[in-house]
Amino acid sequence: MADRRLYKRRFAECVAVWAAAALSLAAAYSFFALRHLSDVCEMELKGSGITRQEAEECMANVADMMDVVLWSESEAEIWKGEEKSIRSRVIAKVGDSRLLFPNAALLSDQDDEGCIISRKGALSLFGSDRAAGLKFRWGETEYTVRDVVDFPAEVIVVNLSDSEDGETMALTHLTSGIKGGRLAEKEKMFQNLAGIEGKKWDYFMMNRILGCFVILDFILLVSVFRRKVSEQPGESRGKTLLEMFFTIIIVTGCVCLAMGIATAEGWPARWSDFSQWKERMEAFCSQTEFLWLSERPSVTALKLKQFGAAYLENIMIELIILKLYRNGPNM
């Protein structure tokens, strides 16, 4: 009976260790999959947005430095003929549509009657995801589907056009791809050249934090494996305690490193300058508040959900590792 309980316990520990290893690999994959977002500057423009002409001038000023798309999102009724309609999010844009949907075909700024539709939107409206060439109506304009893109919501991308009263709709969001690295430096140059201001979703910061925690997960897993191997009958308990001490030191160092990176765009000039750290912590808190309280467009919301899923994987890893330590035979 005792042997059976021991067998079940060992089996449960093996399952937990392999589950933690699998989750660590998933978290690492998420980190590398989201890594490209470190070179993306996405922001909500200050005020009521900018016009199409201002957007074109902005893109002309920064064309050598980055690709840009300015856009706004609204919810509207989309009609297939006169008999069927759906509620869909409509993204009206000026610029490179591939910055919003990298795997979709380019929707040229001159294509006023073309659009890109999400797979879910195509299924809801046409009953099939083979929608290229099919037509629908939004407002007074009839659009032809140029491409279908994977997205977990009804979304349609069109070029910005004049409204019925002759005025141009305001563009409220910006997404840009930075060419050649040096993100922080080129963001400042970009804002100076384009003459616009806004509040950005800091994917760069979130990706660096995620990377730190992925490294931390692997360190903790290695320490678990080392502990299991070293806990043989008759072995000195002092060695196990020493390994745990160094593990705590490593964990503490990694957490401090993560927080240091999270609260600053770069390393401080002087570590003893507490006013500098206070300013960066305030900036970090302001960014966090913006992430929680802002009304997120569908494209941005999906990116944040991907980061949220990766952070949740890390939390699950930490819980499994904690359980393994608490159930250790020498604890």
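**A cavity, a pocket, a helix and a strand**

Strand E1 gives the largest share of the lining of the largest cavity, three residues. What you're looking at is a predicted model, where local features need pLDDT of at least 70, side-chain atom pairs count only at pLDDT 80 or more, and totals for chains, interfaces and linings use all residues. Residues are numbered from 1 along each chain as its sequence is written, and side-chain values use heavy atoms, with hydrogens and water left out. Helices (H or I, at least four residues) and strands (E, at least two) are DSSP runs, numbered from the N terminus.

**The cavity**
- On a 1 Å grid over the protein atoms alone, a cavity is a set of points where a 1.4 Å probe fits but cannot get out, and lining residues have an atom within 4 Å of a point.
- The structure has one cavity of 30 Å³ or more, and the largest holds about 30 Å³ of space, a volume being the space filled by probe spheres set on grid points joined across faces, edges and corners.
- Ten residues line the largest cavity, with Val 40, Glu 187, Trp 201, Asp 202 and Tyr 203 nearest its centre.
- Two or more lining residues come from each of E1 (40-45), H4 (183-194), E9 (198-201) and H5 (203-230).

**The pocket**
- A pocket is an open set of grid points with protein on both sides within 12 Å along at least five of seven lines.
- The largest pocket has a volume of about 660 Å³.
- Its lining takes in 27 residues, and His 36, Leu 100, Pro 102, Lys 303 and Gln 306 sit nearest the centre.

**Helix H2**
- In H2 (residues 52-61), Ala 55, Cys 58 and Met 59 are buried, meaning under 20% relative accessible area (1.4 Å probe, protein chains only), while exposed means over 50% and partly exposed is in between.
- Looking down the axis of H2, the buried residues fall within an arc of 95°, so they line one face of the helix; the arc is that of the directions from the helix axis to the C-beta atoms.
- Gln 53 and Ala 60, on the other side of H2, are exposed.

**Strand E7**
- Five of the five residues in E7 (residues 155-159) are buried.
- One side of E7 has Val 155, Val 157 and Asn 159, the other Ile 156 and Val 158.
- E7 runs parallel to E3 (residues 84-95), joined by five bridges, and Ile 91 has Val 157 as its bridge partner.
- E4 (residues 114-118) pairs with E7 in the antiparallel sense over three bridges; two strands pair if DSSP finds at least two bridges between them.
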